[in-house]
Amino acid sequence: MKSPNTLMVQGTTSDAGKSVLVAALCRILVRHGIDVAPFKPQNMALNSAVTAEGGEIGRAQAVQAEAAKIPPHVDMNPVLLKPNSDIGAQVILLGQSIGNIDAFDYHQYKPKMLGHVLAAHQRLTERYQAVIVEGAGSPAEINLRDRDIANMGFAEEADCPVIIVADIDKGGVFAHLVGTYDLLSQSEQQRVKGFIINKFRGDISLLQPGIDWLEARLGIPVLATIPYIQNLHIEAEDAIDFSQTLDQKNHIKVTVIVYPRISNHTDFDVLRLHPNVELTFARTPNEAPHSDLIILPGSKNVQADLVWLKQQGWPSVINQHLRYGGKVLGICGGYQMLGQSISDPHAIESAQATQSVGLGLLAMTTELHSKKTLTNVSGICLNTKAPIQGYEIHLGVSQGEALTRPLFSLGHAQPEGAQSDDDQIKGTYLHGILDNQALLESWLSWAGLKQITPFDYPAFRNQQLDYLADEVEKVWPIEKIKRLLSLE
């Protein structure tokens, strides 16, 4: 059945610009009075978000929903894969975990997921005037074409038009586009309505001969050439963004430890962009400068990442850091690691029941449970009484003396988080907590910053989405976008 008012954005490669382009289209359309929703049939990512109904979706779709000025919903990303090993992942279906599965078995299982994917898309088309769909990776991955639900497999079933985006900044843009198109089947080629060239720098007239050649060879128009947008900051779907703007005269140094299964590293975008923070993402102690604050982030496989942490020599570095008066913050899985032990009696993250010795920095223990906590929360910071908002995504339940010194009071006066007696160590299950301006400023002061430049990160995020939409609409007018969506 033909999907009304749906457009799918596919890419020649991962990180070609699909996620950002979908966000741009959502913001452009909503600014022109069109109710629009993002959609990604299948996402593989360790950055996720929690919806109002308590479901888990990819972080990129939450950002795209923000661009569309609507709340995120599980229908926007019906299948989320969260890798917990090199060959396996936790499968999230319509916001809820249905267990772990290895890559081969999941490939066989995908046809069963297709019905859920199509139903979720159908519900969005009934609620919104337009749906912008993001593909995954590349449609030219012929080894994955069989049973595909993420790219052309979805487009064929949903009968929707497709555009293909390529990143010219990577080089070989014409080879990427021609090669991708040539590897599609005839029916798939027929639904490709145009190409987008992304991140172009320089004089567009020098690119025009290549565009003319491409259009003549394939008979497919280049719909827009999007310039390289300087100083654009949109949350990354997967890769860590290392760019930052720093006040060299007044800042503190913060190190985030990057373990193999780090999750929700977008928690620290606000630090990366804060003018008073020099942020370092470090895999090994040798990569870390002398820091004022060390952060242990979330993890998709806490016990395996804890083993890795010890193998790299981080415990002795953290202990020395504390002896010299430094501060330590643990978030979610990193919070669990700060305790005395982590047990997995039901073999949720491992092949058999296990128990690991933690870093012993907080007097608490954690046990992993099969039911995942998925919720948006609000409350107050107990030290400053400032209002806070965040979200929880975790399997573990922690208990112990450290929890008698909580950081926050949530709904119904529920205590959350823990801190050490000497106030050098804090831990919380809450993601997105640093986005709260008053809390961030108090914690930067706690970490040693003397003078703080006010930074409203949520407002900055919204400004960046407008900036993105402005730049894209300059080269891709709304009339042409509406024509692709049959909205004229």
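Which elements each supply at least two residues of the lining of the largest cavity? They are helix 11 (333–337), strand 21 and strand 22, where helices (H or I, at least four residues) and strands (E, at least two) are DSSP runs numbered from the N terminus.

The legends below describe a predicted model, in which local features need pLDDT of at least 70, side-chain atom pairs count only at pLDDT 80 or more, and totals for chains, interfaces and linings use all residues. Residues are numbered from 1 along each chain as its sequence is written, and side-chain values use heavy atoms, with hydrogens and water left out.

View 1. The protein is divided into domain 1 (6–233 + 463–485) and domain 2 (252–452), with bounds that come from an automatic or database domain assignment. The C-alpha centres of domain 1 and domain 2 lie 33 Å apart. In the contacts between them, 22 residues of domain 1 meet 18 residues of domain 2, contact being defined as heavy atoms within 4.5 Å.

**View 2. The second largest pocket.** On a 1 Å grid over the protein atoms alone, a pocket is an open set of points with protein on both sides within 12 Å along at least five of seven lines, a cavity is a set of points where a 1.4 Å probe fits but cannot get out, and lining residues have an atom within 4 Å of a point. Grid points are joined across faces, edges and corners, and a volume is the space filled by probe spheres set on the points. The second largest pocket holds about 600 Å³ of space, and R59, P72, N376, Y391 and R461 are the closest to its centre among the 24 residues that line it. Because domain 1 and domain 2 both give residues to its lining, the second largest pocket lies between them. At least two lining residues are supplied by each of strand 4 (48–50), helix 2 (59–68), strand 21 (365–381), strand 22 (387–399) and helix 13 (457–475), and helix 2 provides the largest share, with 5 residues. By class, the lining of this pocket has 12 nonpolar, 6 polar and 6 charged residues, where Ala, Val, Leu, Ile, Met, Phe, Trp, Tyr, Cys and Pro count as nonpolar, Asp, Glu, Lys and Arg as charged, and the others, Gly among them, as polar.

**View 3. The largest cavity.** A search of the whole structure finds 5 cavities of 30 Å³ or more, and the largest cavity contains about 190 Å³ of space. Of its 17 lining residues, S299, C332, I393, H394 and L395 are the closest to its centre. Strand 22 gives the most to this lining, with 3 residues, and the lining as a whole comprises 5 nonpolar, 8 polar and 4 charged residues.

**View 4. The second largest cavity.** With a volume of about 50 Å³, the second largest cavity is lined by L271, L293, I295, L329, L434, L440, W443, L444 and W446. Strand 16 (293–296) and helix 12 (437–447) are the elements that give two or more residues to this lining, and the largest share, 4 residues, comes from helix 12. The lining divides into 9 nonpolar, no polar and no charged residues.

**View 5. The nonpolar cores.** A nonpolar core is a set of buried Ala, Val, Leu, Ile, Met, Phe, Trp, Tyr and Cys residues joined through side-chain atoms within 4.5 Å; buried means under 20% relative accessible area, exposed over 50%, and partly exposed in between (1.4 Å probe, protein chains only). The largest nonpolar core has 81 residues, and those with the most contacts inside it are L21, L29, I132, I163, F195, I196 and W476. Helix 1 (residues 18–31) gives the most to this core, with 8 residues. Not counting residues up to four places away in sequence, I196 touches L21, I163, I164, V165, A166, L223, A224, I226 and W476. Another core of 62 residues, among them W308, M337, I342 and L368, lies apart from the largest one.

**View 6. The surroundings of P78.** P78 is located in the loop between helix 2 and strand 6 (79–83), and P78 counts as buried because its relative accessibility is 0%. Leaving aside neighbours within four places in sequence, P78 is in contact with F39, K40, P41, I92, L93, L94, H116, V117 and A120.

View 7. N231, in the loop between strand 12 (222–227) and strand 13 (252–257), has a phi near 55°, a positive value in a residue other than glycine. At 62% relative accessibility, N231 therefore counts as exposed. S486, in the segment after helix 14 (478–484), also has a positive phi, near 55°, and S486 counts as exposed because its relative accessibility is 56%.
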